[in-house]
Amino acid sequence: MPYSKSNWILAGHISQLSEPGDFKVLNVARESAIIVRGSDGELKGFANVCRHRGSLVCLKSQGHTEKFACPYHGWTYDIDGNLYAARNMPKDFDMAAHSLKPVSVGVIHGLIFVCFTDTPLSLEGAIRELAEPMAMFDFENLKVAAQKSYEIPANWKLSIENYQECYHCATAHPEYARMHTLMLDRDKRERVQGKMLEKMPACGVRDIFIDRIDTAAREGEIGYGYSRTALFDKYKTGSKDGGPVAPLLGEFTDYDGGASDFSFGAFSFLLAYSDHVVAYVFTPIDHKNSNCEIYWLVRGDAEEGKDYDVDALTWLWDVTTQSDKEIIVNNSKGVHSKYYQPGPFSGMERAERIYIDWILQELQRD
Ligand code: FES
Ligand SMILES: [Fe+2]
């Protein structure tokens, strides 16, 4: 699965690793990374592979530690990846030459990304171009209110294709189709968009880019996207009844009836409402299985039980993802048939077409 090694993958939010020794593990296909706040306060990434005989070193998905002890023969590494203890090794054994191998870690306005290569694509363009639309939600000061993994027995590309289009929403997601306008025809959608645009300034939201920024093809840089769309009338946010589920984020002084989409690289997609952000990360497990990790983010100072309820916050995208899983698995069974031949896209599958063109182009690079 070489492609997943060369692209940045969303691994969480800086608020999850605030103190030295706070760590989390990201597993993608055959690779596993430990991301840790080091003793100097900087975020670091290491291959979760012991320098002795190769065992996974850290078996927990997240936590806080002073040392990482390999469960096999007990070699122990400090939070900066240095080998700290190894029993019964020869006198001339060079501890310093057996640190954990580094993995690239980068941060885009509070979002942590990992890349399994020493020569990753630059994040600078995404950081610069998305500064303004991300500032609306104050991404740096969010916190993770909930995180959930969905294992999908299908190739990761089928999961992402499904995420990219809303042609299926009206048939498969009555809950979702009630509030997002992506399944409307162009005229109706433009009318609803117009209403959102009018409301934006009064809600403190700057009218910046409405269309998609897409610099995916820029050589040497991570591809990224941004767009802003209207929700149906009376829906304030992505929730069961469209009502608020958490305190307003960043610059918002009221609900303007819109939601923003962000995408980073091939695997990470975010949906930002006025009061919370939902981050989707689709990664391969192997060629027939993938994982969908969802993070629900709220304002950093929001308190669970008082300002938000996790069940209410997660309801919409939990229900939607479970029904997507079913669709994707049926799709996977069909495309493995010898009779499968891809049919034409509808007018509502534009983003999927752009994604496929882009990924084919990326796959042809070194
Ligand atoms: S494989 Fe880790 S200590 Fe032996
Ligand atoms: Fe869906």
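Guide: Two residues count as in contact when their C-beta atoms, placed from the backbone, lie within 7 Å. The model is predicted. The chain is divided into domain 1, residues 2-106, and domain 2, residues 125-363. By the contact criterion, 12 residues of domain 1 meet 19 residues of domain 2. Helix 1 (2-6) and strand 1 (9-13) each give at least two residues to the side of domain 1 that touches domain 2. Strand 1 supplies the largest share of that side, four residues. By class, the side of domain 1 that touches domain 2 holds six nonpolar residues, six polar ones and no charged ones. The C-alpha centres of the two domains are 31 Å apart.

Now the core. The largest nonpolar core has 88 residues. It draws at least three residues from each of domain 1 and domain 2. Ile-9, Ile-35, Phe-113, Val-114, Phe-264 and Ala-279 have the most contacts inside this core. Strand 16 (residues 277-286) gives the largest share, six residues. As a general rule, in soluble globular proteins nonpolar side chains tend to be buried together.

Take Phe-264 from that list. Leaving out residues up to four places away in sequence, Phe-264 touches Trp-8, Leu-10, Ile-108, Phe-113, Ala-126, Ile-222 and Tyr-224. Phe-113 is also among the core residues with the most contacts. Tyr-224 is the bridge partner of Phe-264, which lies in strand 14. Strand 13 (residues 224-230) and strand 14 (residues 258-264) run antiparallel and are joined by seven bridges. Strand 13 is mostly covered, with five of its seven residues buried.

Strand 7 (residues 76-78) is joined to strand 8 by two bridges, and the two run antiparallel. Thr-76 stands opposite Ala-85 of strand 8.

Two packed helices are described by the angle between their axes and the distance between the axes. Helix 4 (residues 156-164) packs against helix 9 (residues 350-363) at an angle of about 145°, and their axes are 7 Å apart. On the helix 4 side, Ile-160, Glu-161 and Gln-164 make the contact; on the helix 9 side, Ala-351, Glu-352 and Tyr-355 do. Sorted by class, this contact has three nonpolar residues, one polar and two charged.

Last, a loop. Glu-303 sits between strand 17 (289-299) and helix 8 (310-335). Is Glu-303 buried or exposed? Glu-303 has 10 other C-beta atoms within 10 Å, and a residue with 12 or fewer is exposed, so Glu-303 is exposed. Asp-233 is 70 residues from Glu-303 along the chain, and their C-alpha atoms are separated by 29 Å.

Notes: Residues numbered from 1 in each chain as written. Chains lettered and ligands numbered in written order. Predicted model: local features only at pLDDT ≥ 70, side-chain atom pairs only at ≥ 80, totals over all residues. Pairing = 2+ DSSP bridges. Buried ≥ 20, exposed ≤ 12 C-beta atoms within 10 Å, placed from the backbone. Domains from an automatic or database assignment. Nonpolar A, V, L, I, M, F, W, Y, C, P; charged D, E, K, R; others polar. Core = buried A, V, L, I, M, F, W, Y, C linked by C-beta atoms within 7 Å. Axes fitted to C-alpha atoms, helices over the stretch in contact; angles between N-to-C directions.
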